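Please read this briefing alongside the sequence and the structure. Points are grouped by topic.

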Amino acid sequence: LEVTALTDGPCGGCAALTRAARMESLEVTALLAAAGLRGASREEPLAREQENAEWLLDALLDLREQIELLIKQVEPKPTAGQPGQGVPGERLVDLGAGGIMFARARVDEPGQICVDVGAGVYVQLPLQEALPVVERRIATQRKHLEELINKRAQARVESQVLQETLQQLSADA
């Protein structure tokens, strides 16, 4: 039973489904089952994408916090007229396991950070310049997350309207 082709329109889906049910005398319970599966299958990927977007936003917020801490730790301390870039040495580096695994790393330029600018390209920037890049990515991610939340809410409403229409068909049958 192919229900997706009947329900793709924003408003006409229920009307098309009603016409199809009447014209072809389809069993309403089969339509209910198919509509329930379709509604769930459309919302599930959106839920997963929203979860991933929330995770990425959290990671970006953590990154901003870490950069701000590094800026405080590495603030230039001029000596004899030369601007400082922090003290080279060992640092604990998060291995990306949610803060449970760290490694000691030798950092020669603690005032610099490599920033992923996309397509596998990394650019080395001073901490002060990296912070606005992260801020822009946070703003973009927040916007994307908001769009996902709206899409998911719309999918929920469409699924509910479809289910109510099918229940009416079931009662009429």
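Gln141 touches Ala53, Leu56, Leu57 and Leu60, leaving aside residues up to four places away in sequence; contact here means heavy atoms within 4.5 Å. The model is a predicted one, in which local features need pLDDT of at least 70, side-chain atom pairs count only at pLDDT 80 or more, and totals for chains, interfaces and linings use all residues. Residues are numbered from 1 along each chain as its sequence is written, and side-chain values use heavy atoms, with hydrogens and water left out.

**Gln141**

- Gln141 lies in helix α4, which spans residues 127-172.
- Gln141 counts as buried because its relative accessibility is 10%, where buried means under 20% relative accessible area, exposed over 50%, and partly exposed in between (1.4 Å probe, protein chains only).

**Overall make-up**

- The protein has four helices and four strands, taken from DSSP runs and numbered from the N terminus (helices are H or I with at least four residues, strands E with at least two).
- From the N terminus on, the order of elements is α-α-α-β-β-β-β-α.
- Of the 173 residues of the protein, 27% count as buried.
- Among contacts between residues at least 6 apart in sequence, 55% join residues at least 24 apart.
- The accessible surface comes to about 11700 Å², and 54% of that belongs to carbon and sulfur atoms; the areas come from the Shrake-Rupley method with a 1.4 Å probe, and for residues only the protein chains shown count as cover.

**Salt bridges**

- A search of the whole structure finds two salt bridges, each defined as a side-chain nitrogen of Lys or Arg within 4 Å of a carboxyl oxygen of Asp or Glu.
- Glu135 pairs with Arg64, with the closest N and O atoms 3.2 Å apart.
- This pair links distant parts of the chain, since Glu135 is in helix α4 and Arg64 in helix α3, 71 residues apart.
- Glu135 is partly exposed at 31% relative accessibility, and Arg64 is partly exposed with a relative accessible area of 22%.
- Arg106 pairs with Asp108, with the closest N and O atoms 3.1 Å apart.
- Arg106 counts as exposed because its relative accessibility is 65%.

**Negative patch**

- Glu51, Glu54, Asp58, Asp62, Glu65, Glu68 and Asp94 form a negative surface patch.
- Such a patch takes residues with over 30% relative accessible area and no salt bridge, like charges being joined within 9 Å.
- Helix α3 (residues 28-73) gives the most to the negative patch, with six residues.
- Glu54 is placed in helix α3 and is partly exposed, with a relative accessible area of 33%.

Definitions and conventions. Patches are made of residues with over 30% relative accessible area and no salt bridge: like charges are joined within 9 Å, nonpolar side chains (Val, Leu, Ile, Met, Phe, Trp, Tyr) within 5 Å. Lys and Arg count as positive and Asp and Glu as negative; His and the chain ends are not counted. The place of a charge is taken as NZ of Lys, CZ of Arg, CG of Asp or CD of Glu.
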